[in-house]
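Colleague: I should like to go through this model with you and hear the reasoning behind each label. Please set every value against its criterion.

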Amino acid sequence: MRKSHPIRRFVLAGAATVSGIVLLLSLKPATDPASAQAAGGAAPPAAASPQGGAQAAGSGTVTGDAARTQYGAVQVRLTVANGKITKAEAVQAPKGGQSDQITANAVPKLNQAAVAAQSADIDAVSGATYTSTGYKQSLQSAIDKANAAAGASQGSDGQNAGGGAAQARTVTGAVAQTQYGPVQVRVTVSGGKITKAEAVKAPSGGQSTNITANAVPKLNQAAVAAGSAEIDAVSGATYTSAGYKESLQSALDRAGG
């Protein structure tokens with residue numbers, strides 16, 4: 001009987017070993033992290049970062065005064081939670097004829113802008129100048145009402161607690177009419193000092209836009225620095241400066257000096 005050649009026995013043994021290894025690898029469970037995550041469910045999404053602070057104080061729903069425009073009334077209602085505007089909607093807006101299309105296009109954009117800006121400092125929607133102007137006016141009225149309600153609540157809490165540090169108040173002055181358009185100033189007062197001043201209305205259109213962009217920031221800064229309406233006019237913006245000072249004084253009068 002012939003004996004198997006040694007080399008042949010070595011080759012057969014090696015083939016058997018390789019086959020065993022392949023079989024073991026095929027039976028090994030998958031350990032890929034992606035596969036494991038798919039089996040156990042997707043990871044929860046990261047929490048969204050909160051937006052910045054709001055201009056409207058307090059919580060609740062408040063409706064601004066109706067603003068009359070050339071094409072109809074605009075009235076804005078806000079939902080405020082913990083000093084943040086969470087929802088804005090127009091409960092009145094121009095309608096009828098072409099106004100229906102303009103309102104349908106403009107109002108959702110204005111609502112979104114109000115929530116994003118957390119103030120009435122929003123851009124007008126192109127092609128809806130009158131509606132945008134009325135919306136901003138009613139929006140500012142709603143914010144003022146929210147701030148007034150929150151201030152009254154804080155004042156009552158302070159009295160019940162026996163006093164405490166003075167609460168900041170935000171007050172909007174009367175509209176001052178100028179040759180180039182209305183000017184209206186809003187101030188935040190805390191501890192008898194102006195901590196913030198801003199123009200919620202100012203002349204716009206044509207050259208007035210450039211003049212306003214240059215003058216208003218300087219007037220805001222001057223109001224805070226002076227702590228009163230005794231501020232210098234900005235060169236090249238005489239009418240805007242005069243209107244600003246007039247509305248600023250009105251705001252300070254309403255704030256109690």
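Colleague: What makes Lys196 count as partly exposed?

Modeller: The relative accessible area of Lys196 is 33%. Buried means under 20% and exposed over 50%, with partly exposed in between, for a 1.4 Å probe and protein chains only; Lys196 is therefore partly exposed. Please note that this is a predicted model, in which local features need pLDDT of at least 70 and side-chain atom pairs count only at pLDDT 80 or more, whereas totals for chains, interfaces and linings use all residues. Residues are numbered from 1 along each chain as its sequence is written, and side-chain values use heavy atoms, with hydrogens and water left out.

Colleague: Are Arg186 and Glu198 buried or exposed?

Modeller: Arg186 has 3% relative accessibility and counts as buried. Glu198, at 16%, counts as buried as well.

Colleague: How many salt bridges does the whole structure hold?

Modeller: The search finds four. Among them is the pair of Glu89 and Arg77, whose closest N and O atoms are 3.2 Å apart. Glu89 sits in strand 4 and Arg77 in strand 3, twelve residues apart. Glu89 has a relative accessible area of 21% and is therefore partly exposed; Arg77, at 29%, is partly exposed too.

Colleague: Which residues have the most contacts inside the largest nonpolar core?

Modeller: They are Leu78, Ala88, Leu110, Tyr135 and Leu139, in a core of 20 residues. Strand 3, strand 4, helix 3 and helix 4 each supply at least two residues of this core, and helix 4 gives the most, with five. A nonpolar core is a set of buried Ala, Val, Leu, Ile, Met, Phe, Trp, Tyr and Cys residues joined through side-chain atoms within 4.5 Å. Tyr135 touches residues including Val74, Val76 and Ile122, a contact being heavy atoms within 4.5 Å.

Modeller: A second, separate core of 17 residues includes Val187, Ala215, Ile231 and Leu248.

Colleague: Why does Ala215 count as buried?

Modeller: Its relative accessibility is 0%. Ala215 lies in helix 5, residues 207-226. Leaving aside neighbours within four places in sequence, Ala215 is in contact with Val234 and Ala237.

Colleague: How do you know that the span of helix 6 agrees with its length?

Modeller: The expected span is 1.5 Å times one less than the number of residues. Helix 6 has 17 residues and should span 24 Å; its end C-alpha atoms are 25 Å apart, which agrees.

Colleague: What covers the buried residues of helix 6?

Modeller: The cover includes strand 5, strand 6, strand 7, strand 8 and helix 5. Among the buried residues of helix 6 are Thr240, Tyr244 and Leu248.

Definitions and conventions:
Helices (H or I, at least four residues) and strands (E, at least two) are DSSP runs, numbered from the N terminus. A salt bridge is a side-chain nitrogen of Lys or Arg within 4 Å of a carboxyl oxygen of Asp or Glu.
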